[in-house]
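Subject: Structure handover and notes

Dear colleague,

I am passing on the structure below, together with my notes on its helices and on some single residues. Please read the notes with the coordinates open beside them.

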Amino acid sequence: MKVGDDKERGGWGGAKGPKFPQPSHLSYLLRAWQRNEKSAENDDILKFVKLTANRMANGGIHDHLGGGFHRYTVDGEWLVPHFEKMLYDQAQLLDFYLDLYIITKNEKYKVIANSTANYVMTEMQSEQGGYYSAQDAQSEGKEGKYWCWTMNELRDLLDADELAEAVKYFHLTEKGNFYDHSDPQALKLQNILSLSPDLGQQKLSENLASAITKMKVARAKRIPPATDKKILASWNGMMIGSMARAGIVLDSPKYKASAAAAMNFIKSSMWKKNESGEFRPAHSYYDRTELEHAAEETEVISAQAQSYVLMLQACRRLYEMTLDPEMLSMAIQLAETSRKLFYDEKRGGFYESVMKDDILLRLKGDYDGAIPTSSSVGMVEFLRLYDITQRQDFLAVAEGTMKAHGKELSLHPSSLSYMLSGIDHYYADKQRVVIAGGNAEERNTYLQYFNTQWHPNLTLMSNAGDVDKFTKNLPQVDGETTIYLCEGVTCKPPVTSLEDLKKIMESP
């Protein structure tokens, strides 16, 4: 994946930009790094990923006061963003920074993950539990007004020592670094906050911490950008899985509760029965008190594949994080419905929409851009469900999807980087961990252990629910919570303590 990569500034797009985060690319590169752990160029792979992560985290694309990431930057330095914030970016970048924190143990990545999760909880989660879609780029009709600062504003807000440190830390100037040339009456002398390209550990001084606190309070009094309060099943599916994982990796009950509230909202308000009595996701929801025709909108069952495969992703991920059999059952039901409505049985791959009389041409996505295509997500999820259930029909769908996109993968592999991650999993030496019996507290101890390690090809499951017959028959040992580490139908001797589990996980 070297086409267009920028080894000086990170990311893709070169010195002129624009630059998008492209988390699917970054996640695939982490897999490539792991697969080639002992190769000569392996250090270069991780170095490039960290460079990109660091420059995004320090650049203007990152909201240094409120957390979260803007949509993209118009330049190649990650400095000047299009200030809109999208839920799908927060979901994927949260996962990415969690990966880097687990792999590198660098506390700065933990800080970025925490601030992103906090931003979503405070600014993009409805009272009912669902996550909103986006925040606008403009406030009071001006791009970036909510986020930018002039030196005069800061002189009125901060004392001399605070100002001096803030100017140095955030790279502030009298002239400013942002002017909206698309606006004939653009604001002048505006500063976007950015940090040094070096992401070293920096403990904030008392003056700098005080300055940042005052800036946060002052910004909170500004007129905020508008929030798009549509709740989309697809984007919520992405965020639910990421937020739940943040709750485990960062040991945060509030993030776990946030993800649970969102899933409960989806099940109660957006999980609809069709005329045949089958449960299917609604495409979107809007609070009835804020939209006159919301009742009509919320009752419409989604005709878009993303609603199904990304909710399938959420259910499957929640199952592996909680071992809740209901989540596995929902994932299987969504998989079966996705296949029925969107899968091309003759040629493989997933159409983006259902077959309807008013649709002249059904398309399959061939580019994993801001959001991965339905084929890429579907391929990964059907393969993951095969790992759990050993259902050959799920494996056939995953393999058929790979074959359907084989030409595009051979000609332009980086265009389907999320699918590449799935192919990496397909060919990897896969392991399954089965947690049999025990009480909830003991199971959670093991789940916490596994979910704070980076094992992208490891599948977590229990011996209860809709799992394969072999797994169902794995017994508890002496009534204890019992852990099996298996490859196919071959398992290592079971263990009943965390200490013994760590020994077998760390053994060659």
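In which hand of crossing does H14 pass H16? The crossing of H14 past H16 is left-handed, where left-handed means that the near helix is turned anticlockwise from the far one by less than a right angle, and right-handed that it is turned clockwise.

Before the rest, a word on conventions. This is a predicted model, in which local features need pLDDT of at least 70 and side-chain atom pairs count only at pLDDT 80 or more, whereas totals for chains, interfaces and linings use all residues. Residues are numbered from 1 along each chain as its sequence is written, and side-chain values use heavy atoms, with hydrogens and water left out. Helices (H or I, at least four residues) and strands (E, at least two) are DSSP runs, numbered from the N terminus.

**Helix pairs**

Helix H14 (residues 392-404) and helix H16 (residues 417-427) pack at an angle of about 125 degrees, and their axes are 11 Å apart; axes are lines fitted to C-alpha atoms, for helices over the stretch in contact, and angles run from 0 to 180 degrees between N-to-C directions. H14 is therefore oblique to H16, given that angles under 35 degrees count as roughly parallel, over 145 as roughly antiparallel, 65 to 115 as roughly perpendicular and the rest as oblique. On the H14 side the contact (heavy atoms within 4.5 Å) is made by Leu-395, Glu-399, Thr-401 and Met-402, and on the H16 side by Met-419, Ile-423 and Tyr-426. Sorted by class, the contact of H14 with H16 has five nonpolar, one polar and one charged residues, where Ala, Val, Leu, Ile, Met, Phe, Trp, Tyr, Cys and Pro count as nonpolar, Asp, Glu, Lys and Arg as charged, and the others, Gly among them, as polar.

H3 and H4 also form a packed pair, with an angle of about 155 degrees and axes 8 Å apart, and the two are therefore roughly antiparallel to each other. Their crossing is left-handed. The residues that make this contact include Leu-87, Leu-94 and Tyr-101 of H3 and Glu-107, Ile-112 and Val-120 of H4, and by class the contact has 12 nonpolar, three polar and two charged residues.

**Enclosed helices**

Helix H2 (residues 42-58) has 17 residues and reaches 25 Å from its first C-alpha to its last, close to the 24 Å expected at 1.5 Å a residue, the expected span being 1.5 Å times one less than the number of residues. Because 12 of its 17 residues are buried, H2 is largely enclosed by the rest of the structure; buried means under 20% relative accessible area, exposed over 50%, and partly exposed in between (1.4 Å probe, protein chains only). Among the buried residues of H2 are Ile-45, Phe-48, Arg-55 and Met-56, and their cover includes helix H1 (23-35), helix H3 (87-104) and helix H4 (107-123).

For helix H8 (residues 233-249), the 17 residues should span 24 Å at 1.5 Å a residue, and the end C-alpha atoms are 24 Å apart, which agrees. In H8, 17 of the 17 residues are buried, so this helix is largely enclosed by the rest of the structure. Just after H8, Asp-251 takes a positive phi of about 50 degrees.

**Single residues**

Arg-219, found in helix H7 (residues 206-220), counts as buried at 8% relative accessibility. Leaving out residues up to four places away in sequence, Arg-219 touches Asp-63, Leu-65, Gly-66, Tyr-146, Trp-147 and Trp-149.

Met-121 has its place in helix H4 and is partly exposed, with a relative accessible area of 23%. With residues up to four places away in sequence again not counted, Met-121 touches Met-243, Lys-254, Tyr-255 and Ser-258.

For the backbone, please look at Trp-78, which lies in the loop between strand E1 (72-73) and strand E2 (81-82) and has a phi near 65 degrees, a positive value in a residue other than glycine; Trp-78 counts as buried at 0% relative accessibility. Asp-478, in the loop between helix H18 (469-472) and strand E14 (482-487), has a positive phi of about 55 degrees although it is not a glycine, and at 74% relative accessibility Asp-478 counts as exposed.

With best wishes
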